[in-house]
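Reader: Could you walk me through this one? I would like to have the cut-offs spelled out as we go.

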Amino acid sequence: MQTQNARRVGSLFKIPLFLDPSWFLIVAWITVSDGLQWQGRWGAPVAFSAGLAMALLLFTSVLLHELGHSLVAKRQGITVNSITLFLFGGVAAIEDEPKTPGQMFQVAAAGPLVSFALFILFGATVLLAPLPGGLFGQVASVILMRVASLNLTLTIFNLIPGLPLDGGQMLKAWIWKRSDSYLKGSHTAAKTGKWLGWGIMGLGAADMLGLTRALNLPYIGGLWAILIGSFMLRNAERYNQLADLQESLVNLKASDAMTRDFRVLPAGESLREFADTYVLAATHPVAYFAASDGRYRGLVEM
């Protein structure tokens, strides 16, 4: 996803990096919500600064996640046009799909592996590294542990087998490998993604209606879950439409796309004869080909 309003802010490994305007909204939302949560504990200046640090570390993790996909794709010789950070995270715009199921699986798995490695790194830093004492050490410990848990959540969520998630790409590669049909893998993973999108939207609606609270079930995210579910639903539908188009093109022959409304004329025929016989006729085809010695010599379109 790279909208027309996205702005380039640099590049990593020669991959252009873009920020969508919606990215600033989610950074502000995380900063304010976390700042309000920590304000009574540390005071407003420290709390909101910690909220901003939390937001930036989270999106650094998202960026590294997408960079994992991109670098594996580049290693396979695939061009990566850009990485864009936006409201729902990030996306790498890869020019071509991998050529084999194995390569597709590797590209898809790279992102969750990076997120899981970040979970280990941040968690180990809190548990094993000697952080400074006092307020700074306390704030750093809370932020790093929170980022670690969010990276674990990002890993698990992205492994759910439905497009457009990484798990959907992995499912697509697995079905492609088992069935020897790229299109079957695409259709199955897209349909799974649509069911997943509807499911997340339903859980979000249940949150907003108070059903999860009444049934003593965990809170999913309310309106945020509905937005994420609708985003997944739209993108899964696009994958399914693309697979339908690819399937149609595979079943078409070149002759199906060509017109049969033409006439082949002798190249030696005079223009007078051509005009009298064909141009002045009441009806005529859309094109005339001049041919001699078994080869086409020219074309007149009507």
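Author: Let me begin with a term: a polar contact is a pair of N or O atoms within 3.5 Å, where within protein one must be able to donate a hydrogen and the other to accept it, and residues adjacent in sequence count only if both atoms are side-chain atoms. This is a predicted model, in which local features need pLDDT of at least 70 and side-chain atom pairs count only at pLDDT 80 or more, while totals for chains, interfaces and linings use all residues. Residues are numbered from 1 along each chain as its sequence is written, and side-chain values use heavy atoms, with hydrogens and water left out.

Reader: Fine, then which side chain has a polar contact with that of serine 22, and at what distance?

Author: The side chain of aspartate 20 does, at 2.6 Å. The side chain of serine 22 also reaches a backbone atom, the nitrogen of leucine 87, at 2.9 Å.

Reader: And is serine 22 buried or exposed?

Author: Serine 22 counts as buried because its relative accessibility is 14%; buried means under 20% relative accessible area, exposed over 50%, and partly exposed in between, with a 1.4 Å probe and protein chains only. Serine 22 sits in helix α1, which covers residues 21-42; helices (H or I, at least four residues) and strands (E, at least two) are DSSP runs, numbered from the N terminus. Leaving out residues up to four places away in sequence, serine 22 touches Phe86 and Leu87, where contact means heavy atoms within 4.5 Å.

Reader: Let's go to the sheets. What is the strand order in the open sheet of 4 strands?

Author: The order is β1-β2-β3-β4, with mixed pairing; two strands pair if DSSP finds at least two bridges between them. β1 (7-12) and β4 (89-94) are at the edges with a single partner strand each, so one side of each has no neighbour in the sheet. From one strand to the next the twist averages 25°, with axes being lines fitted to C-alpha atoms, for helices over the stretch in contact, and angles running from 0 to 180 degrees between N-to-C directions.

Reader: How many bridges are there between β1 and β2?

Author: There are 5, in the antiparallel sense; arginine 8, for instance, has phenylalanine 18 in β2 as its bridge partner, and leucine 12 stands opposite isoleucine 15 in β2. The hairpin of these two strands has 2 residues between them, and phenylalanine 13 takes a positive phi near 50° there.

Reader: Which helices lie on that sheet?

Author: α1 lies across β2 and β3, at about 40° to β3. α2 packs on the sheet too and touches β1, β2, β3 and β4, with its direction making about 165° with that of β3.

Reader: What about the largest nonpolar core, which members touch the most others?

Author: That core has 33 residues, and Ile30, Trp38, Met54, Phe59, Ile83, Leu85 and Ile143 touch the most other members; a nonpolar core is a set of buried Ala, Val, Leu, Ile, Met, Phe, Trp, Tyr and Cys residues joined through side-chain atoms within 4.5 Å. At least two residues of this core come from each of β2 (15-19), α1, α2 (44-75), β3 (80-86), α3 (101-128) and α4 (134-158), and α2 gives the largest share, 10 residues. Apart from this core lies another of 7 residues, among them Leu165, Ile200, Phe231 and Met232.

Reader: Switching to the record, where does UniProt put "transmembrane region"?

Author: The unreviewed UniProt entry places that annotation at residues 12-30, 42-64, 76-94, 106-131, 143-160 and 217-233; UniProt positions are in the numbering used here, feature names are shortened, and annotations may be inferred rather than shown by experiment. In the model, residues 76-94 are 0% helix and 68% strand, with the end C-alpha atoms 12 Å apart, whereas residues 217-233 are 65% helix and 0% strand, with those ends 24 Å apart.

Reader: One last topic, the sheet of 3 strands: which strands are at its edges?

Author: In this open sheet, ordered β5-β6-β7 with mixed pairing, the edge strands are β5 (262-266) and β7 (295-301). Strand β6 (residues 287-292) runs antiparallel to β7 and is joined to β7 by 6 bridges, and alanine 291 has tyrosine 296 in β7 as its bridge partner.
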